[in-house]
Amino acid sequence: MNSHEGTMFGFSVEGLLNLTNVLYLISVAAALFFSVALWRLSAISSDMKDRELARYKEQAHEQVAKAETLAKQAQEGAALANERAKTLELEAQNAKLETERLKAKFAWRTLSQTQHQLLLSNLLQKTGTVTVAHVANDPESMYLAIQLANIFGEAKWTVGFQSLTLAAAISFGISVPKSTSADSAVIE
């Protein structure tokens with residue numbers, strides 16, 4: 001305190017009171033100003049966050065919609081692929097059946113094991129001489145002729161083997177030329 005009565009720090013009490021009131025009013029006005037500014041800035045910040053959230057939701061919805069579209073396209077593609085796979089599988093089965101049908105139709109003649117044994121047992125009753133001939137340049141004919149020649153060989157027959165070229169003729173099946181030979185009678 002100052003030694004002057006009614007003064008404080010060289011100011012009158014009345015002056016200090018006025019100064020204090022002014023400073024108080026300034027601080028209240030500043031508090032009010034900053035409170036309003038804080039409230040307004042909070043509202044602006046909240047609006048910005050709301051807009052960002054809305055933009056994020058919109059982008060998320062767009063991405064979800066794109067993902068759903070892609071998923072739907074993938075499902076449709078998978079369904080088409082499955083249909084195509086079923087069609088191809090059916091075509092493959094049909095092709096396999098057709099291949100088997102053609103194999104059966106164009107299969108080379110072969111002797112079954114039963115036919116082989118029956119012919120062998122008949123030929124073993126007598127031995128003789130035979131010439132097995134096939135049509136030249138016909139591998140299927142030659143294959144069957146080899147089978148027959150082998151059976152005659154197993155039966156201890158003397159076997160000749162030849163290929164024939166037929167002029168102006170077509171040969172079908174197996175034939176045994178007419179002969180008076182005893183061997184010919186056994187073969188027939």
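Hi everyone. Let's start with Glu 98, which counts as partly exposed at 34% relative accessibility. Keep in mind that we are looking at a predicted model. Glu 98 has a partner: its side chain meets that of Arg 101 in a salt bridge, 2.4 Å from N to O. Arg 101 is partly exposed too, with a relative accessible area of 43%. Both residues sit in helix α1, which covers residues 13-105, and they are three residues apart, about one turn of the helix.

How many salt bridges does a search of the whole structure find? Two. The other joins the side chains of Glu 140 and Arg 109, at 2.9 Å from N to O. Here Glu 140 belongs to helix α3 and Arg 109 to the loop between α1 and α2, so this pair ties together parts 31 residues apart in sequence. Glu 140 is buried, at 14% relative accessible area, while Arg 109 is partly exposed at 33%.

Now to the largest nonpolar core, which has twelve residues, including Leu 120, Val 132, Phe 152 and Trp 157. Helix α2, strand β3 and helix α3 each supply at least two of its residues, and α3 gives the largest share, six.

Last, the aromatics. The whole structure holds two aromatic pairs. Phe 33 and Phe 34 are edge-to-face, 5.2 Å centre to centre with 75 degrees between the planes, and both are exposed. Phe 152 and Trp 157 are edge-to-face as well, at 5.3 Å and 70 degrees. Those two are buried: Phe 152 has a relative accessible area of 6%, and Trp 157 has 5%.

Methods:
Residues numbered from 1 in each chain as written. Predicted model: local features only at pLDDT ≥ 70, side-chain atom pairs only at ≥ 80, totals over all residues. Heavy atoms only, no water. Core = buried A, V, L, I, M, F, W, Y, C linked by side-chain atoms within 4.5 Å. Buried < 20%, exposed > 50% of the residue type's maximum accessible area, 1.4 Å probe, protein only. Helix = DSSP H or I, 4+ residues; strand = E, 2+ residues; numbered from the N terminus. Phe/Tyr/Trp six-rings, centres within 6.5 Å; stacked < 30°, edge-to-face > 60°. Salt bridge = Lys/Arg side-chain N within 4 Å of Asp/Glu carboxyl O.
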